[in-house]
Amino acid sequence: MFKSTLSASLLATLFLAGCQSSSKPTEGSASPPDSVQTPVSATTSSVSAAAPAPDSTGVSTAEPLSPLDSLKLIGPKITGAILPNKRIVAYYGNPHSKKMGALGEYPKDDMLQRLDRQSQEWAKADSLPVQQALHLVAISAQGAPGKDGYYRMRMSDKTIRKVIRWAAEHNAICFLDIQVGLAPLGPEMEFLKPYLKLPYVHLGIDPEFSMKTGARPGTKIGTYDAADINQAVNFLSDIVKANNLPPKILVVHRFTQRMVTNYKNIKLNPNVQIVMHMDGWGPPSLKMDTYRDYIVKEPVQYTGFKLFYKNDLKKVDMRSKHKVPHLMTPQEVLSLTPKVVYVQYQ
C-alpha cells in the first residue's frame with residue numbers, strides 16, 4: 001500500500017476567510033493515496049488565519065516593464081544552466097503571511113540570515129555549490145471565488161517586485177509560484193511574464209490547487225496533466241528564446257499519484273529545466289516513501305524535496321531510531337537516489 005503526505009499549504013496557505021478545510025498526512029491508513037483526509041482538529045491552524053494583507057490586485061495586470069529594468073542590473077549573474085551544477089536551497093512563502101512559510105514568517109533581514117545558515121549546512125554536507133533562492137507564492141488559491149469566480153488572487157506588482165529585489169540583492173534567484181484555483185494556466189503565466197524576462201526569475205506551478213473539476217481549492221487535491229506542464233515549458237522556452245536568456249527552471253509540486261497525469265508525455269526542452277518536487281509533510285520515513293513512490297517512479301528530469309520547519313515535527317517517526325520528531329538533515333536528504341538538486345524550506 002502506498003503512503004502519501006498532504007502538503008502543508010493546505011494547512012497554512014493564503015486562503016481568504018471562510019475556507020476552513022485542511023488535511024493531515026496519510027499514515028498507513030486504508031485510504032487511497034490520493035484521498036483528502038477528514039479535517040484535523042484544532043492542533044492545526046485554520047487556513048483562514050493565513051490571509052494576506054490587502055495587497056492583492058485581483059485580476060489586474062502588472063505595471064509596464066520599464067520599472068523592472070533596474071532589476072536587470074542587480075542579482076546573480078546567471079550565464080548558463082543552473083542544474084545540475086548547483087543545488088538550489090530555497091525559502092518558500094509570501095511576505096503577507098507569517099503562516100505560509102519561512103519567506104514571510106520572519107522580517108526580511110532575519111529571514112535572509114536564516115537562509116544563509118541553512119545554506120551553510122548544505123555547503124558543509126555536500127561538495128555541490130549552493131544557489132540560494134526565494135520562492136514566492138505570487139498567485140494564491142483562495143477559499144472564496146472572487147469577482148471572476150476563479151478562486152485565486154494575484155499579488156500586486158509591488159509585492160512581486162519587492163521579493164524579486166530581496167532575492168537579487170542577496171545574490172539569490174527567485175521563483176514565482178502559481179496556484180491557479182479555477183483559472184486557466186495560460187493567463188496566469190502571462191501575468192507573470194514581465195518578471196520572468198529577468199534572467200534570475202523562474203516559475204513554479206502547483207497541481208494541488210489546479211481544480212479542474214470545479215471544486216473549491218482546499219476541499220480536494222487538484223491535478224495537472226502532462227499537457228499543462230508542456231504548456232508551461234513552452235511558455236518559458238519562448239521567453240528564453242525571445243530574450244536570449246539562460247535556461248529557466250520549472251518546479252512542479254507533487255505528493256500524490258493523480259497530481260500529475262501522463263508524465264511520460266512531458267517533453268524535455270533545452271531551454272527549460274524541470275524539477276519534480278516532493279511537496280509532502282510528515283516524519284522522515286513517510287516523506288522518503290512519498291519521494292520514491294511519486295517522484296522516483298515517475299522521473300522527468302531533476303528532483304526536489306521540501307522540508308517543513310513545523311509540520312514535519314508533528315509526528316514521531318516510528319521507523320526511526322529518533323524518539324522525538326525531527327527535521328530531516330541534509331545528510332538524510334542526500335541519502336536519496338536520485339540526488340535532490342532543489343531543496344525547499346517552508
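**Exercise 1.** Which residues of the largest nonpolar core touch the most other members?

*Solution.* The model is a predicted one, and its largest nonpolar core has 84 residues, of which Ile-88, Leu-134, Ile-160, Leu-192 and Leu-250 touch the most other members. Helix 5 (residues 226-243) gives the most to this core, contributing eight residues. Turning to Ile-88, and leaving aside residues up to four places away in sequence, one finds contacts that include Ile-173, Phe-175, Ile-249 and Val-341.

**Exercise 2.** Locate Ser-97 and determine which backbone nitrogens its side chain reaches.

*Solution.* Begin with the position: Ser-97 belongs to the loop between strand 1 (87-93) and helix 1 (102-105). Next, take its relative accessible area of 2%, which lies under the 20% cut-off, so Ser-97 counts as buried. Finally, a polar atom of the Ser-97 side chain lies 3.2 Å from the backbone nitrogen of Lys-99, and the side chain of Ser-97 also reaches the backbone nitrogen of Met-100 at 3.2 Å.

**Exercise 3.** Describe the aromatic pair of Tyr-91 and Tyr-309.

*Solution.* The structure holds five aromatic pairs. The one formed by Tyr-91 and Tyr-309 has its centres 6.0 Å apart and 85° between the planes, and is therefore edge-to-face, since that angle is over 60 degrees. This pair links distant parts of the chain, with Tyr-91 in strand 1 and Tyr-309 in the loop between strand 10 (302-307) and helix 7 (330-334), 218 residues apart. Tyr-91 is buried, with a relative accessible area of 2%, and ring pairs link Tyr-91, Tyr-309 and Tyr-345 into a cluster.

Definitions and conventions:
Residues numbered from 1 in each chain as written. Predicted model: local features only at pLDDT ≥ 70, side-chain atom pairs only at ≥ 80, totals over all residues. Heavy atoms only, no water. Core = buried A, V, L, I, M, F, W, Y, C linked by side-chain atoms within 4.5 Å. Buried < 20%, exposed > 50% of the residue type's maximum accessible area, 1.4 Å probe, protein only. Helix = DSSP H or I, 4+ residues; strand = E, 2+ residues; numbered from the N terminus. Contact = heavy atoms within 4.5 Å. Polar contact = N/O pair within 3.5 Å; in protein donor to acceptor, adjacent residues only side chain to side chain. Phe/Tyr/Trp six-rings, centres within 6.5 Å; stacked < 30°, edge-to-face > 60°.
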